[in-house]
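Here are my notes on this one, as promised. Have the model open while you read.

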Amino acid sequence: MDGDASDVEDDNFEWNTEDELEINDFSLPSRSSLTLPNGEAVGEASSSAGPSNCKLIDHFIGMGFSKKMVAKAIQENGEENTDSILEALLTYSALESSPQRQHHNDSDHCSLECEGSFLDDFSDIDSCSDNEKIMNTEFDEEEKLSSLVNMGYTVDEASLAIDRCGVDSSLVELTDFICAAQMANVADAQLSELPLEVQPKLKHSYSEYAKHKKRKLSDYEMWTKNNQNGFEKRLLHDDDETIRLPNPMIGFGVPTEPCSTIHRTLPEAAVGPPFFYYENVALAPKGVWTTISRFLYDVEPEFVDSKYFCAAARKRGYVHNLPIQDRFPLLPFPPQTIHEALPLTRKWWPSWDRRTKLNCLQTCIGSAKLTERIRKALEDYDCEPPLSVQKYVLDKCRQWNLVWVGRNKVAPLEADEVEMLLGFPRNHTRGGGISRTDRYKSLGNSFQIDTVAYHLSVLKDMFPGGINLLSLFSGIGGAEVALHRLGIPLKNVVSVEISEANRNILRCWWEETNQRGNLIDLADVQQLNGDRLEQLMSSIGGFDLVVGGSPCNNLAGSNRLHRDGLEGKESALFFDYFRILDLVKCIMTKAQ
DNA sequence: TTAATTATGAATACGTAG
DNA sequence: CTACGTATTCATAATTAA
């Protein structure tokens, strides 16, 4: 279907360790949160080489796990990989023994089930038919239901899955069904209620999903083959295929370091129309960017730090299918140092604070108590404080982006200063009933305009008459502002944003800037189905560009509590970006 | 009720000494 | 090569104030 042949060679190599990474992704958290009694058995289990199926089952039953669990774990992980089997068993035990953790582990479990289901696809290649029998004969409907609920799925999800897949389906098939629905974030009920002519288009997303599964499968085969050949050590420790952040983080070039002689060739499936532009935090948990890139048609992410565009750092990854030659920056070039951006701080800036750039502008600011502690720590010294005090103050200043506003006085940035640093017009987020707290939050979640505009600048010559834009997770309208400042007319903009305050901000900007085009704003990406999309696209003539930065809060390092990765509650909305983009591609292709 | 304030680590990457 | 120290990070939730 797509141009597999062009990227086969590097794929084979990369996929091996991607599986490895994903296995680590769910094994590490579960291991660290467990205190199960079978610690010493790990070595024994991993060194026992490929016993027959019965022996293998007995082996784990002897360790105290139930027969059901063991069969399931073997079926999902294959009988080769005893480590993975053990990890799975420990995970199941944790889920069963601590019900209050079930919801928390829900997402982890989902990825585990998905991974297992990939392996399940070729279970007939191996000799897992024994397990299949066990699974199917010993589980009646009630047992399956309670098993699924025990695994953290809701009763509704579980019964729906049994209903759709039939009572004869294996647990793996059932969890795979639930997982597929979750991954695409399309409720099954919603799908079946849609008009018949729309369903094939929605199902296209599932076919994409299936395609990825298939590719993972073949790579898993590769991986096990290499294991048998004794290459596992090299492969396990060879992290060539882990997506590496560039150092310096300048992507395919920044205005001061153009390095624009290179010409990249996109995978065939990635070529537009439409153009697409996806953004998220660069420093996400391991494996996240590999997954994002796989879903977005294997396009290599472009990692850029906005400190090359303005006075504040902002390390972000961008996956897009835009040309990268002949980019140009917005003019005037914004202030590049703290002193240029905030001239009044210069008078009070101590010589021992050598910062010239701010750190990432976030959604929260430092407390008054903290700045008071810093003032107290400094007031005893006439000129230079001792090195230990300097270190304390500098650490806190860097951590909270504090600037010098008086003698021994530091303070967090004002909201309008953040606005300016990010490249938005003054007062863009001010007024209109938004609280100061929410203003910081909206700004902290936004694009850096100069950075994004640099990437989008190549569209100017291609669309002199303006563009139709689909903007998902619009926030305060970073994409719209960037295009406007580039002088690219906005013909029709469909903007999807959950926050009403943010929608109001964009609407106000739209009217203040006397836009000639048409702004349609929607609230929820999950409500944007193929039917509605086709309506919109037929009325405006398709989209030229699909922009979106999906929620990062489950990926960002600042999140102490719910840094759950791409399966996290909000960050999983990435799959809606993919779903909608894929629908747009499908509809555009059909209309061609 | 909303808004403001505050305390709350860890995952990850990278440099360097050994 | 590893071990260890340093630096960075689109945040959450409990509590208090208004």
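1. Serine 495 sits in strand 7, residues 490–496 (strands are DSSP E runs of at least two residues and helices are H or I runs of at least four, numbered from the N terminus). This is a predicted model, where local features need pLDDT of at least 70, side-chain atom pairs count only at pLDDT 80 or more, and totals for chains, interfaces and linings use all residues. Residues are numbered from 1 along each chain as its sequence is written, chains are lettered from A and ligands numbered from 1 in the order written, and side-chain values use heavy atoms, without hydrogens and water.

2. Serine 495 counts as buried because its relative accessibility is 2% (buried means under 20% relative accessible area, with a 1.4 Å probe and protein chains only). Beyond neighbours within four places in sequence, its contacts include Ser471, Glu480, Leu506 and Asp521 (contact: heavy atoms within 4.5 Å).

3. On to the DNA. Of the 27 residues around DNA strand C, the nearest are Arg316, Thr363, Arg398, Cys552 and Asn553 (a residue is near if one of its heavy atoms lies within 4 Å). Sugar and phosphate make up 67% of the atoms of DNA strand C that come within 4 Å of the protein.

4. A polar side-chain atom of arginine 316 is 2.2 Å from a base oxygen of DNA strand C.

5. Which element gives the most to the surface near DNA strand C? Helix 17 does, with three residues.

Notes:
Buried means under 20% relative accessible area, exposed over 50%, partly exposed in between (1.4 Å probe, protein chains only). A polar contact is a pair of N or O atoms within 3.5 Å; within protein, one must be able to donate a hydrogen and the other to accept it, and residues adjacent in sequence count only if both atoms are side-chain atoms.
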